[in-house]
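Me: I'm new to this one. Can you put it up and walk me through it?

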Amino acid sequence: MRMTKVVSFVGYSNSGKTTLLEKVINELKGRGYRVGVIKHTSKACEIDIPGKDTWRYAQAGSNIVVLSSQTQMAVLEKIDREPVLAEITDLLEGKVDIILTEGYKGLNTAKVLVRGEDDQRAPDFKGELLATVSPSVMPNGVRRFAQEDVTRIVDLLIEQLVTA
C-alpha cells in the first residue's frame, strides 16, 4: 500500500506559513494534485456554532456529529486525547496525493521552515529540512526560497515527495 507523503510547514507565529500554504495548495491544485491539509494547534478549538443543530446534537451527548451536503462533509468527534498525526493521515489515505501540515514541528516529518523578515531565532523542529522560505540567506546550506517562489517550492515538493 502506497503511503501518502506528508510535509510540515513550520515556523514561528506570523512568519507567513498560512499565506505560503494557500499559494502552495493553489499551485498543486492547478497541476492536478489532490491536496489534504492538517492544521495543528496547541490551543483548544471550537469549530461548531453554538445554537446550530450540529452543536445542539453534540451538547445532547452525541460522540460524533456529521454534517453532510452535496459538496462537503464535516465530522465533529469528541475525543479523550489528541490524535497522533498518523491517525489523522490514515483518514486521508487514498483521497489525496500529498498532505501538507501547518505545525507538527516536533514530529519526524519532512519540513519546510518558514522564517519572517526579521526572524533570527534558531529553528526548533525535528525531521528532514527540505527547504527554508526566508527573505535572507540561511547559513545551513539548505535550499532557500523567497515567499514568491511558489512554483519552485512546489517543484521541490513534487520531486521529493510525490514522485519519490
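Reply: A term to start with: contact, or touching, means heavy atoms within 4.5 Å. With that, Ser-134 touches Arg-115, Arg-144, Phe-145 and Ala-146, leaving out residues up to four places away in sequence.

Me: What kind of model is this, and how are residues numbered?
Reply: This is a predicted model, where local features need pLDDT of at least 70, side-chain atom pairs count only at pLDDT 80 or more, and totals for chains, interfaces and linings use all residues. Residues are numbered from 1 along each chain as its sequence is written, and side-chain values use heavy atoms, with hydrogens and water left out.

Me: Back to Ser-134. Where does it lie?
Reply: Ser-134 lies in the loop between strand S7 (129-133) and strand S8 (144-145). Helices (H or I, at least four residues) and strands (E, at least two) are DSSP runs, numbered from the N terminus.

Me: Is Ser-134 buried or exposed?
Reply: Ser-134 is buried, with a relative accessible area of 3%. Buried means under 20% relative accessible area, exposed over 50%, and partly exposed in between (1.4 Å probe, protein chains only).

Me: Zoom out. How many helices and strands are in the chain?
Reply: The chain has four helices and eight strands. From the N terminus, the order is β-α-β-α-β-β-α-β-β-β-β-α.

Me: What does the C-alpha trace span?
Reply: About 55 × 35 × 25 Å along its principal axes. The chain has 164 residues, and 36% of them are buried.

Me: What share of contacts links residues 24 or more positions apart?
Reply: Such pairs make up 55% of the contacts with a separation of 6 or more. Val-24 gives a case of distance along the chain: Val-24 and Gln-147 are 123 residues apart in sequence and 10 Å apart in space, C-alpha to C-alpha.

Me: Where is Val-24, and what does Val-24 touch?
Reply: Val-24 sits in helix H1 (residues 17-30). Setting aside residues up to four places away in sequence, Val-24 touches Phe-9, Leu-100, Val-150, Ile-153, Val-154 and Leu-157. Val-24 has a relative accessible area of 0%, so it counts as buried.

Me: Another topic. How much space lies in the largest pocket?
Reply: About 1600 Å³. Of its 36 lining residues, the closest to the centre are Ile-47, Val-75, Leu-76, Glu-77 and Ile-79.

Me: How is a pocket defined?
Reply: On a 1 Å grid over the protein atoms alone, a pocket is an open set of points where a 1.4 Å probe fits, with protein on both sides within 12 Å along at least five of seven lines. Lining residues have an atom within 4 Å of a point. The volume is the space filled by probe spheres set on the points, which are joined across faces, edges and corners.

Me: Which elements each supply at least two residues of that lining?
Reply: Strand S2 (35-39), helix H2 (53-59), strand S3 (64-68), strand S4 (73-77) and helix H3 (85-92). S4 gives the largest share, five residues.

Me: Tell me about Val-75, then.
Reply: Val-75 lies in strand S4. Its relative accessibility is 46%, so Val-75 counts as partly exposed. Beyond neighbours within four places in sequence, Val-75 is in contact with Ile-64, Val-65 and Val-66.

Me: And Thr-54, where is that?
Reply: Thr-54 lies in helix H2. Thr-54 is buried at 11% relative accessible area. Not counting residues up to four places away in sequence, Thr-54 touches Asp-48, Val-65, Leu-67 and Leu-76.
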